[in-house]
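Let's take a walk through this structure, one stop at a time. Have the viewer open and follow along.

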Amino acid sequence: MGGATVESGGGSPALTRRRGCSCSKDDFLPEESFGSWSNYMSALRQTPVRLADRVLTRSNAEAELEVKARSENAMKRTLTWWDLMWFGMGAVIGAGIFVITGKEARIDVGPAIVLSYAFSGLSALLAVFCYTEFAVEIPVAGGSFAYLRVELGDFVAFIAAGNILLEYVIGGAAVARSWTSYFATLLNHKPEDFRIHADNLAENYNQLDPIAVGVIIIICIIAVVSTKGSSRLNYIASFVHLIVIIFIIVAGLLKADTKNYTEFAPHGVRGIFKASAVLFFAYVGFDAVSTMAEETKNPGRDIPIGLVGSMVITTAIYCVLAVTLCLMQPYYEIDVDAPFSIAFESVGWSWAQYVVAAGALKGMTSVLLVGAVGQARYLTHIARTHMMPPWFARVDAKTGTPVNATVVMLAATAVIAFFTELEVLASLLSISTLFIFSLVAVALLVRRHYVSGETSAENRNKLVVFLILIIGSSIASAAYWGVSERGWIGYCITFPIWLLSTGGMCVFVPQARAPKLWGVPMVPWLPSASIAVNVFLLGSIDKDSFVRFGVWTVLLLVYYILVGLHASYDAAKAYHVNVQDP
C-alpha cells in the first residue's frame, strides 16, 4: 500500500509528514484492506471473523496512551483544575437554561421545572463521577470513547463514538440557533427577522439561520489557534455570564410574585419527568472537559475538582434560575424563545432584557467554544484507532491543536444549524447523551469487577448476570413509565429486581481492581443508580426522536461494516505485531 505509514511511538503507526498541504487516499484509508480492490473484497469476505474479533477484543489503558503517537505531535499540557472548572461551567450553562427552560415550563411542567432540573442534575452528577474516574485513570483525548473501548470493546465503543459525535454536532447546532434568538432580542427583533424562510423545505427544517453559521465560523478560528487561548476567552465569557446570572436572580426575585407558584405542578409527576428528559440538554457538555485530560497538568487532582465542582455549581444555578423565572411570570405566559428577557419586559423592566440577552449570548458563546474544543478531541482519538480516517488525528505542530478534526466537526455543525429547528435538536440530543452516559456507567462496573486473566469464570458469569438484571430492570421501568399513565404495580417488580441485583453484585462479585489515583465512591451502587436514572429518563422522550436515533445508528452500522471495522482491524493487528516484535 505505498508509504503512507511509518512505525513510531512504540510501534504505533504514525502518519508520515508531507511537504505541502495536498491529500491522497492514503491520508484517509492507509490500511492494507484498502490497498486495492482485491484487498477490499478479501476484507469484506472476512467480515464475520473480523466483527467477532472486534466485538470480543478489549483495549487497555496502555494501548490508549500509546496511540497518541499517531497524531504526529503531542497536545500541550497547559490546563489546571481552575481551567477545567471554568471550562465545565462554560460548556454547560448556555442555551439549555436560557431557551429550553421557557418551552418546558410553559408547555410540559409549570413551576415544578425546578424539580425537573434537580432530577436531571442528579443524573448528570452520577455520570460525572463515572467519567471522572476514567479520565484520571486514562488521561487521553478520547473521553468516553476511550473508556468504552477499554472496558466494553471496539464495537460498543464505535456505536457510542458515533453518538458522541452526533451529540456534539447537534448540541452545537442547537446552541448556535439559540444564539440567533437572543441576538434578535438584543436588537429588539424576533428571531424570524434574521432567518430565511424556505417554502420548499419541510417544516422544522425551513427556517434557515445564516447568523448561526457565522458564529460557528468565528468559534472555529478561535478553537484551532490555541487551547490555552480558548481557555482564557472562556474565563472572560464565563465570568461575565456569572455576573449576569447573579443579576437575573437578584433583580428577578425583587419582582417575584408568589401567586405564580399557586399551581406548582399543573401536569403532575409525568410532566416533571418528561421535562427532565428534555432539560438534560441543559447539562450536556461537561463530558467535553474529560477529553481535555491529555492537556491537564495533574489529572489525578485537577479532573475531579474541575468536573465535580463545576457540575454541583451548575445544578444549583439552574434550580435558582428556574425558581426565579416562574416567580416573575405565570408559567403559561413564559416566552419559549427568550424567556428571561421577556420576563423582565413583562414586569416593567424593559431595559433589563438587554442585559439578560447580552449575558445569554456570552454564555452560549462559551458553550460553543468548549464544545468545539471537546468534539475535535473526541474525533482525534477515534481517528487514532483508524475507526475514522487517520487524517482527522493530526495535531498541528505549531498550535498543538487538532485542526483537521476541529474544522470538519464545526462544518457539520454549521450545516445542521443552518436548517434544523431547536425542538428537533434538543430531543435527539438527549437520547444520544443519556445512552452514552448509561454505557459509561456499565463500563465502570466492568472495570471495577473484571480484570482479564485474573477474575475467575464464576465471578465473571455472576457479573454478567447482575449487569443484565440491572440494565433489564431499568429498561422495564422506563418502558412501563412510557406505556402506563397511572400504573404503579410494575415498579413493585422492577425496582426490587434492580435493588437486589445491585446488592448481589456488591456482595457476591468481589472488586478486581482498585483505582490508582481517584475512585468513584459507593461502587456498585452509584454507577448502577446512574444506569437506572439515565434509562428512566429515556422513557420520557418522544417516539419520533427514537426513530431518528435508530436511523442514525443504522447508518453507523453500515459505515462500520464497510469501512471502520476493516480499518481498525488492520491497525489493531499492526499494533500487536509491533508490540510483540519491536
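We'll look at a helix, then at some aromatic rings, and finish with an arginine. Keep in mind that this is a predicted model.

Start with helix 10, which runs over residues 210-225. With 16 residues at 1.5 Å each, you'd expect a span of 22 Å, and the C-alpha atoms at its ends sit 24 Å apart, so the two agree. Now colour the helix by burial. The buried residues are Ala212, Val215, Ile216, Ile219, Cys220, Ala223 and Val224. They take up an arc of only 160 degrees around the axis, so they lie on the same side of helix 10.

Next, the aromatics. A search of the whole structure turns up 30 aromatic pairs. Take Tyr131 and Tyr147 as one of them: the ring centres are 6.1 Å apart and the planes meet at 80 degrees, so this pair is edge-to-face. It connects distant parts of the chain, with Tyr131 in helix 7 (residues 113-137) and Tyr147 in helix 8 (residues 144-151), 16 residues apart. Tyr131 has 0% relative accessibility, so it counts as buried, and Tyr147, also at 0%, is buried too. Trp391 and Phe392 make another edge-to-face pair, 5.3 Å from centre to centre with 70 degrees between the planes. Here the relative accessible area is 16% for Trp391, which is therefore buried, and 10% for Phe392, which is buried as well.

Rings can also join up in groups. Phe119, Phe273, Trp481 and Phe536 are linked by ring pairs into a cluster. Look at Trp481 in that cluster: Arg270 lies over its face, 4.2 Å from the ring centre.

Last stop: Arg447, in helix 18 (residues 422-449). Is this arginine buried or exposed? Its relative accessibility is 6%, so Arg447 counts as buried. What does its side chain pair up with? There is a polar contact of 2.9 Å between the side chains of Arg447 and Glu151. Setting aside neighbours within four places in sequence, Arg447 is in contact with Phe134, Glu137, Ile138, Val150, Glu151 and Arg513.

Conventions: Residues are numbered from 1 along each chain as its sequence is written. Side-chain values use heavy atoms; hydrogens and water are left out. Helices (H or I, at least four residues) and strands (E, at least two) are DSSP runs, numbered from the N terminus. The expected span of a helix is 1.5 Å times one less than its number of residues. Buried means under 20% relative accessible area, exposed over 50%, partly exposed in between (1.4 Å probe, protein chains only). The arc is that of the directions from the helix axis to the C-beta atoms. Rings of Phe, Tyr and Trp (its six-membered ring) pair if their centres lie within 6.5 Å; planes under 30 degrees apart count as stacked, over 60 as edge-to-face and the rest as tilted. A charge sits over a ring if NZ of Lys or CZ of Arg is within 6 Å of the ring centre and within 35 degrees of the ring normal. A polar contact is a pair of N or O atoms within 3.5 Å; within protein, one must be able to donate a hydrogen and the other to accept it, and residues adjacent in sequence count only if both atoms are side-chain atoms. Contact means heavy atoms within 4.5 Å.
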